[in-house]
Amino acid sequence: MALAEAAVRGRLLSWPRVVLFGDSITEFSFQEGGWGASLANRLVRKCDVVNRGFSGYNTRWAKLILPRLLAQSAAAESTVAVTIFFGANDSALRDVNPKQHVPLEEYAANLTSMVRYLKSIGITEDRIILITPPPLQESAWEKECLAKGEKLNRRNATTGEYAQACVGVARDCGTDVLDLWTLMQKDEDFSCYLSDGLHLSMKGNHFLVGQLWSHLEKRLSALPSLLPYWRDVDPQSPELSLLGGAQE
């Protein structure tokens, strides 16, 4: 069968997707052992996992670019989940790192604005998950700062205030929330979850994807595998199997 004929006979597959929107912790999530890559592996042939992470970004910048990443379209309709994962940069200390710092009230307002925008394009609150910043291991991060000739530019207590604000926005907007800041600190020594005091280690990535999957499993685990298993394809008439749709 010619490709042109196959295109006429077969319908375009609607491929669901999960969009990961965040800062460097999201951008780096497709590195080896990363939480985004692990999530994509769990959902292979069921759902695309799209990385929209931007290293160094805060919510002030994120809310400006979100409409350029997601608009009301078939892509929005096929979006089964969106994570919004900011706060690690917003919570930078204003007097040391004013470029990335966003005041706490503005941070909460920006998150609210992004949730409202997603709802306006048809992505309902039950498909949105806010993720708080992880805790900061100050001594390790201070070493990173000093190596660059800078002073410590974040504090864990301050990051915690932003995490609490994120939880509050989720409550007010009716979205799900993953309170990473609190969950990681249930372990007495949470430094094992962080590679440099701020970003996630291999163990931290594993922890995050496990926690996130507990939020996503109910809505995504029932998604069918797209296209038949290869043993179920009739080698004599493959078009009967391959142009018919998804395997239930």
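Student: Hi! Is Ala165 buried or exposed?

Tutor: Hi there! Ala165 counts as buried, because its relative accessibility is 17% and the cut-off for buried is under 20%. Keep in mind that this is a predicted model.

Student: Okay, and where is the place of Ala165?

Tutor: Ala165 sits in helix H8.

Student: What is Ala165 in contact with, leaving aside neighbours within four places in sequence?

Tutor: With those neighbours set aside, Ala165 touches Leu104, Tyr107 and Ala108.

Student: Which helix packs with H8 at those residues?

Tutor: That would be helix H6, residues 104–120, which packs with helix H8, residues 156–173. The angle is about 35°, and the axes are 9 Å apart. H6 passes H8 in a right-handed crossing.

Student: Which residues make that contact?

Tutor: From H6 there are Leu104, Tyr107, Ala108, Leu111, Thr112, Val115 and Lys119. H8 brings Glu161, Tyr162, Ala165, Cys166, Val169 and Cys173.

Student: How many of the residues in the contact of H6 with H8 are nonpolar, polar and charged?

Tutor: The H6 and H8 contact has 10 nonpolar residues, 1 polar and 2 charged.

Student: Got it. Is Cys166 buried or exposed?

Tutor: Cys166 counts as buried, because its relative accessibility is 1%. Cys173 is buried as well, with a relative accessible area of 14%.

Student: What about Arg116, where is its place?

Tutor: Arg116 is in helix H6. Arg116 counts as exposed because its relative accessibility is 60%, and the cut-off for exposed is over 50%.

Student: How many Å separate the C-alpha atoms of Arg116 and Cys173?

Tutor: Those C-alpha atoms are separated by 8.2 Å, although Arg116 and Cys173 are 57 residues apart along the chain. For another pair, take Ala165 and Ile123: they are 42 residues apart in sequence and 22 Å apart in space, C-alpha to C-alpha.

Student: New topic! How many residues has the largest nonpolar core?

Tutor: The largest nonpolar core has 34 residues. Those with the most contacts inside it are Val18, Trp35, Leu39, Leu43, Leu212, Leu216 and Leu220.

Student: Which element gives the most to this core?

Tutor: Helix H10 gives the most, with 7 residues. Other elements that give two or more include strand S1 (17–22), helix H3 (35–42) and strand S3 (79–85).

Student: And what is Leu212 in contact with, again leaving aside neighbours within four places?

Tutor: Leu212 touches Trp35, Leu39, Thr83, Ile129, Ile131 and Leu178. Apart from this core lies another of 28 residues, among them Val19, Phe21, Ile84 and Tyr162.

Student: Last one, the whole chain: how many helices and strands are there?

Tutor: The protein chain has 11 helices and 5 strands. Its C-alpha atoms fill a box of roughly 70 × 35 × 30 Å, taken along the principal axes. Of the 248 residues in the chain, 47% are buried.

Definitions and conventions
Residues are numbered from 1 along each chain as its sequence is written. This is a predicted model: local features need pLDDT of at least 70, side-chain atom pairs count only at pLDDT 80 or more; totals for chains, interfaces and linings use all residues. Side-chain values use heavy atoms; hydrogens and water are left out. Axes are lines fitted to C-alpha atoms, for helices over the stretch in contact, and angles run from 0 to 180 degrees between N-to-C directions. Helices (H or I, at least four residues) and strands (E, at least two) are DSSP runs, numbered from the N terminus. A crossing is left-handed if the near helix is turned anticlockwise from the far one by less than a right angle, and right-handed if clockwise. Contact means heavy atoms within 4.5 Å. Ala, Val, Leu, Ile, Met, Phe, Trp, Tyr, Cys and Pro count as nonpolar, Asp, Glu, Lys and Arg as charged, and the others, Gly among them, as polar. Buried means under 20% relative accessible area, exposed over 50%, partly exposed in between (1.4 Å probe, protein chains only). A nonpolar core is a set of buried Ala, Val, Leu, Ile, Met, Phe, Trp, Tyr and Cys residues joined through side-chain atoms within 4.5 Å.
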